[in-house]
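Visitor: Before we accept any label in this model, could you take me through the terms one by one and set each value against its cut-off?

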Amino acid sequence: MGLARDWPEARGVFVSSSSDVAALVNEEEHLVLISAASGGDDARSAFERLRAAEDAVAAALDSRGRQFACTDSLGFITGAPERL
């Protein structure tokens, strides 16, 4: 699958300044978004942050004439076929 190919070029981890949202880029998947609940947070607020992060990525893609890869039969395309 090429998981270790060209490591660490074109891969990275980006963490928000508040450390509650992270994006893993080109690790095993093309993009993994993580939202952590901490302190007084509940699952709803963690999900809202995750959704806002996904919306921001989708908007950035759209501004460049791109979109998440998706098909009607398979859903969103993944780097790991066993996750289809």
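Guide: Two strands pair if DSSP finds at least two bridges between them, where strands (E, at least two residues) and helices (H or I, at least four) are DSSP runs numbered from the N terminus. This is a predicted model, in which local features need pLDDT of at least 70 and side-chain atom pairs count only at pLDDT 80 or more, while totals for chains, interfaces and linings use all residues. Residues are numbered from 1 along each chain as its sequence is written, and side-chain values use heavy atoms, with hydrogens and water left out.

Visitor: Which elements does the protein contain, and in what order do they run?

Guide: There are one helix and five strands, and from the N terminus on they follow the order β-β-β-α-β-β.

Visitor: How do you know that β1 and β2 pair?

Guide: Four bridges join β1 and β2 in the antiparallel sense, and since the definition asks for at least two, the two strands count as a pair. Among the residues involved, V15 has A22 of β2 as its bridge partner, and F14 stands opposite A23 in β2. Five residues lie between the strands of this hairpin, and S19 takes a positive phi near 60 degrees.

Visitor: Which strands are called edge strands?

Guide: The three strands form an open antiparallel sheet in the order β1-β2-β3, and its edge strands are β1 (12-15) and β3, each of which pairs on one side only. Direction ignored, neighbouring strands of this sheet are turned by 15 degrees against each other on average.

Visitor: Why is V21 called buried?

Guide: Buried means under 20% relative accessible area, exposed means over 50%, and partly exposed lies in between, with a 1.4 Å probe and protein chains only. V21, found in strand β2, has 15% relative accessibility and therefore counts as buried. Four of the five residues of β2 are buried, so that the strand is mostly covered. Contact means heavy atoms within 4.5 Å, and, leaving out residues up to four places away in sequence, V21 touches F14, V15, S16, I34, S35, R49 and A53.

Visitor: How do you know that the span of α1 agrees with its number of residues?

Guide: The expected span is 1.5 Å times one less than the number of residues. For the 21 residues of α1 (residues 43-63) this gives 30 Å, and the end C-alpha atoms are 30 Å apart, which agrees. After α1 comes G65, whose phi is positive, near 75 degrees.

Visitor: What puts the buried residues of α1 on the same side?

Guide: The buried residues of α1 are S45, A46, R49 and A53. They cover an arc of only 110 degrees around the axis, and therefore lie on the same side of α1; the arc is that of the directions from the helix axis to the C-beta atoms. The face turned away from this buried side carries the exposed residues A43, R44, F47, R51 and D62.

Visitor: Which strands do the buried residues of α1 pack against?

Guide: They pack against β2 (21-25) and β3 (31-35).

Visitor: Why is T78 called buried, and with which side chain does T78 make a polar contact?

Guide: T78 is placed in the segment after β5 (75-76), and at 16% relative accessibility T78 counts as buried because the limit is under 20%. The side chains of T78 and E29 make a polar contact at 2.4 Å. That value meets the definition of a pair of N or O atoms within 3.5 Å; within protein, one atom must be able to donate a hydrogen and the other to accept it, and residues adjacent in sequence count only if both atoms are side-chain atoms.

Visitor: How much of the whole protein counts as buried?

Guide: Of its 84 residues, 15% count as buried.

Technical notes. Axes are lines fitted to C-alpha atoms, for helices over the stretch in contact, and angles run from 0 to 180 degrees between N-to-C directions.
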